[in-house]
Amino acid sequence: GFNSTYGGVKLNIDEDWTDASMVVATPNTLTVNKTGSGTGNVVSTQVSNGVDASIDTAIACATACSTTNSTFATTDTVTLTATADASSTFTGWTGCTSTSGTTCTILVATSTTVTANFSTAVTNYTLTVAKAGTGSGTVTTTDSSINCGSTCSSSYAASTVVTLTAAPAAGSVFTSWTGCTSTSGTACSVTLAAATTVTATFSPAPTFTSGLASTTLSINAGQSATDVLTITPQTGYTGTFNTFNCAGLPASATCTFNPTTLTASGNGVALTTTLTVTTSPSAHLLPPSTTGHASTIMLAGLFLPLGLLPFTRRRRIVISTRLQRLLLFVAAFSALGLTQLLTGCGGGSSANTPTGPIFSGTIVVSFSSGAAATQLPVQLTINR
């Protein structure tokens, strides 16, 4: 005999070709499933090669549908189309005879199951960093996508948690964050649910001013004088001031500071230390006396003429009365000068005693704060 099926119809012919019959073939079932975290719909958009359309049932699996099925003739070719919802993305088919994008083609020769997969659509948002204030610094993210600096924005998937860190430049301090989901010191955490801008504010680092109560000091030799050095830190400044020193002092003068260390705790309170300059007595500062040299000269003038007289007689040199008188005059004059040098004239001071200040010039008061040094000039006069 002979039998054949086409278009859902089965033709049967007996062995002697004297009897023939036609029956409708048993239909096959096409099952459609949907999987994944997203949503969408699947519909049959075309059925071809069907002879008996009465057994064909259109497929329509909407958003709420997870599975559906329909019957088709064994020779039918069915085309299905998947469409994702707005918040989802279609990612692919399985079980199809062939696919092209969102379409699936099935030759329903047997009962068949196909699956359409939908995932939640990935939404990206831009995170932007802005910097404010008169200071400077950089902002970076832990994934290095932002280094602001130069790169101040990046795109992230919705619900991503991004951590940013602010780093002030030298001479600046970080002040505050705005726009963050949460903050902790210099760190800012952002959970992205929309395009977001965060702002890091930097300010100049607090500093200090310094000055002396007086920029001139006048001291009598053998005495001391004081001045007050005041250091005024800005609020927020912390640090230690030390290594107080004076440069340019004469050898017989010294300076001291009390206290020798000052500490700023950030409260902006002014700090003071007392500078004391001490000098030695004036005699220690005078140039060496010339009395010894003058006495020697005077004594030579006194004894030299007298010493020559015996030699003139021994050699029988005839000295005139006038020359003898001259030598005696020189000796007498030298004796008078020596007397005045040793006793002084009228009780007054010697004409060789120096006058004017012992020292007059600029000294430099300095101190350190960390690696930086501060210098303040003072005009110093030491009187006799």
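The largest nonpolar core of this predicted model has 26 residues; such a core is a set of buried Ala, Val, Leu, Ile, Met, Phe, Trp, Tyr and Cys residues joined through side-chain atoms within 4.5 Å, where buried means under 20% relative accessible area, exposed over 50% and partly exposed in between (1.4 Å probe, protein chains only). Ile231, Phe241, Phe244, Val365, Phe367 and Leu380 have the most contacts inside this core. Its largest share, four residues, comes from strand 30 (residues 372-383); strands (E, at least two residues) and helices (H or I, at least four) are DSSP runs, numbered from the N terminus. Apart from this core lies another, of 19 residues, including Leu30 and Cys61. In soluble globular proteins, nonpolar side chains tend to be buried together.

Beyond residues up to four places away in sequence, Asn124 touches Ser155, Tyr156, Ala157 and Ala158 (contact means heavy atoms within 4.5 Å).

How far can the model be trusted? The mean pLDDT (the predictor's confidence in each residue, from 0 to 100) is 83, and 72% of residues reach 70 or more. Confidence is lowest in helix 1 (residues 291-314), at a mean of 49, and highest in strand 20 (residues 187-191), at 98.

Residues are numbered from 1 along each chain as its sequence is written, and side-chain values use heavy atoms, with hydrogens and water left out. In this predicted model, local features need pLDDT of at least 70 and side-chain atom pairs count only at pLDDT 80 or more, while totals for chains, interfaces and linings use all residues.
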